[in-house]
Amino acid sequence: MDLQIGEESVPHVAELGRAGRRRTGAMGDGTGPAGSAGGGPRRLTGVRRLPLRTVLLIVVFVPSLTFTPLLASGMYQLATQWQAEQTQMELATTGAGRPASDLFFSLDQERRLTAEVLGGPSGAARGKLAEQRAATDRAVRAFRPLTALDDSDAQEGLADAVTRTERGLALLDQQRRAIDAGRSSTERAFDYYSSVLESDLSVLTALGNTGEGQVNSKAQTLTDLFWVVYTLGSEDALLAGGWETGTLTRSEYGLVTDAIGARKHLMRSRVLPALTGNETPYAKVTDGRAWEAMSALEGRLIAAGSAAEGDEVTLRDDGARWRAAVDAVSVQLRQLLSLRSENVGRMGYDHADMIFMIFISISTVGLLALGLVFYTSWRLTAILRRRILHLREDAQELQERLPDVVARLERGEDVDVDAEVRTLRPTPDELGELGQALNLASRSAVLTAVRQAEQHRGFQRMLQRIARRTQILIGLQLKKLDELERKHEDPEVLEGLFDLDHLAARLRRYEENLVILGGGQPQRRWRKPVHLLDVLRAAQGEVQDYSRISIDVEGEPWIGERAVQPLVHVLAELMENATTFSKPLTPVEVRAAPVSRGVVVEIEDRGLGMEPEQYTAANALLRSPPRLDVLTHADDVRLGLYVVARLSANLGLQVELRPSAFGGSRAIVLLPESLVVDRPRTAPGPATLPGKAPRAANGAPPRPREETPPHEKGPLPARSRGRAMASVTTPEGSPDQDDAAASPDSRPLPQRVRQASLAAELKVPADRAEPAGQESWTVPDQPRRSGAAIGAFQRQSRLRRTGDDASQPRANGSPEPGSPTTEDR
């Protein structure tokens, strides 16, 4: 896990131009936290996924929604079955059963009375037949509405049976007229009534075909009883005419015997064994007197038929006893039919009610179960989602807490890992394991951040220690160079020593950059305010191409002692950036002037500049300097801008980069009023730089406004050993100056006086001891000489040696380089 100790890593600005890359090589592109992505969780890109809530609802509700059609189908089937059985029982008992049974009994009676009238017409028989026909007509009128019956829920075959019966009844009036007119025989009338009765029996049989097996079994016994009554009625109708005539034809005798045999078979094998419950008393109906009397008469009839010869069978005069026995048996059979019909109806309704109760129960339980499933699923989904969201909030809290922990670690605070990591309460499930894993990840992340912060602080301390030791060596090197400069008088040797002195001063600034990047601060301090011109000259002296820099200062601004060294460093970085990324012969103008909110210093070059987005990124970095991890940016050459940003932030400076009117860049440094002080009462005016300043490409010397022209200063003073640059600003009328003016050919070399070129505020007492060999080196470094003074000294040295003007341009048009240093040791 690669954690960076800082707010945000500094991303590169994409697609920088060639000139922009050259310009920002030492300054940086200025991309800081403002240019980075904003805070908060980032949405991962890739394949589009459904939200967690939707996934959980799908997982839970799909089985529930699958169960719903099954429950609805079961409820529909139960409701359909209940409705069908309810309709069928209503048809069997009242809707069609009662009209069909009334019609059956009416036709059976009319058939018997018709046979009596055809066998021996009498007034009494005809009167009974007329009454029975009226009863039959009422039964027919009650039956005929069944033809318009909706058979969607009716028993199977009922509609066909009703249709056949209705077709038979349509011929009833015609048959009656034929009987009354004597055109119909007994056999034809018997066949007609028997066919209509059989059609009506098919209706009664169809009414017994319900969807319940037990009801069908009970209804089948009821149908068998109707067939028993039918066979008995057929036998009675055939014998009714025979009792009147005293004889039966052989065909009528055969029908009678068939009816007797069918009735006995149905009673013994199908009806009596099926009687249960309150029907059991009728199981002995065959043992009664009426049944025995009827059976005895039938036996005598069968015996007479067997003994008879010819086409007729003679009957005895047993009509009265037969009528009494048959009427008694018919009453018993009708009672049994009524009882069985009630039992079948009760059983059918009970079964339909049971189906209805099952339907209600299953519907209620199913709906409750479905509602419970939905509610439970919703609750479990909400609980699961809440737990997952809680884990996500903990992860987001870790994401928000970790940068704060890292920021506190950067500030040097101690962080307790156990206190910073909130432990989630584990649960014995997968989410509990996930929470435990998140606990371990949180602790590992914070612990890793603490360890890396400790490593980073250790690296910063090591970097600062190495830089401090290097600064000690550079200080010793500068001290040694100063001794050599005082020891040697050869101009060529001095020129090389001054160049080495200048390089060492620049190297010291680079070492200070390492200290700043390592989190430290430069240890060079000033005790008194310094004139802004001297600050600008000190910064100019730390730049390699110092001769191209022209300084112009308006007014007499003074800088507070605490801001001198950071300001020198910031201005030196900006000046060096301006000279590095502009053409060698183009000037770099430095202007300073007081403004309403402090003092503004403008550094303008004539390079190629940067792109607008690069200016935006650089200014963003200057406004919000990141806490840079030098290790992660070791390969980034744009470290100068980080140094400027850090020093500006610590000092309260406002630095901004803008495009220049010349096509280059302009750096604007605003010093707040808190850093600008009044001129000290005992402080002299700004120190003037003696000699000629380095010439520009056009031959004009770019010197500050306050700088005194060389022709007003006179010749440089002579140099004496141990007094480097002494009397650089020797007052007019001095002996050395007079001698130099009197004899130009014999002018001595200038003598160097320690700290002679500096303002009084920048000078260090000569008796101050410089500790050496200490690791925490605090050399009181202050600017020692200006670049213009050293350049003038070199040119005067060469002029003295060769007799030529050292300030003339070289053959290539560039001025003779000097070797300025930034400080007078």
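The following questions and answers go through a predicted model, from the whole chain to single residues.

Residues are numbered from 1 along each chain as its sequence is written. Local features need pLDDT of at least 70 and side-chain atom pairs count only at pLDDT 80 or more, while totals for chains, interfaces and linings use all residues; side-chain values use heavy atoms, with hydrogens and water left out.

Student: How many helices and strands does the chain have?
Tutor: Helices (H or I, at least four residues) and strands (E, at least two) are DSSP runs, numbered from the N terminus. On that basis the chain has 21 helices and 10 strands.

Student: What percentage of the residues count as buried?
Tutor: Buried means under 20% relative accessible area, exposed over 50%, and partly exposed in between (1.4 Å probe, protein chains only). The chain has 825 residues, and the share of them that counts as buried is 48%.

Student: What share of the accessible surface belongs to carbon and sulfur atoms?
Tutor: Accessible areas come from the Shrake-Rupley method with a 1.4 Å probe; for residues, only the protein chains shown count as cover. The accessible surface of the chain comes to about 40,000 Å², and the carbon and sulfur share is 53%.

Student: Is Arg-270 buried, exposed or partly exposed, and why?
Tutor: Arg-270 lies in helix 9 (residues 250–271). Because its relative accessibility is 37%, Arg-270 counts as partly exposed.

Student: Which side chain makes a polar contact with the side chain of Arg-270?
Tutor: Contact means heavy atoms within 4.5 Å. Leaving aside neighbours within four places in sequence, Arg-270 is in contact with Gln-220, Thr-221, Asp-224 and His-265. A polar contact is a pair of N or O atoms within 3.5 Å; within protein, one must be able to donate a hydrogen and the other to accept it, and residues adjacent in sequence count only if both atoms are side-chain atoms. At 3.2 Å, the side chain joined to that of Arg-270 belongs to Asp-224.

Student: Is Asp-224 buried or exposed, and why?
Tutor: Asp-224 sits in helix 8 (residues 213–245). Leaving aside neighbours within four places in sequence, Asp-224 is in contact with Leu-266, Arg-270 and Val-271. Because its relative accessible area is 5%, Asp-224 is buried.

Student: What is the bridge partner of His-531 in strand 5?
Tutor: Strand 3 and strand 5 (residues 558–559) pair in the antiparallel sense over 2 bridges. The partner of His-531 in strand 5 is Trp-558.

Student: Which residue in strand 6 stands opposite Asp-552?
Tutor: Strand 4 (residues 549–553) is mostly covered, with 4 of its 5 residues buried. Strand 4 pairs with strand 6 (residues 588–595) in the parallel sense over 5 bridges. In strand 6, the residue opposite Asp-552 is Arg-591.

Student: How many residues of helix 15 are buried?
Tutor: Helix 15 covers residues 532–541 and is mostly covered. Its buried residues include Asp-534, Arg-537 and Gln-540. The count of buried residues in helix 15 is 10 of 10.

Student: Is Leu-50 buried or exposed, and why?
Tutor: Leu-50 is found in the loop between helix 1 (18–27) and helix 2 (52–95). Because its relative accessible area is 56%, Leu-50 is exposed.

Note on methods. Two strands pair if DSSP finds at least two bridges between them.
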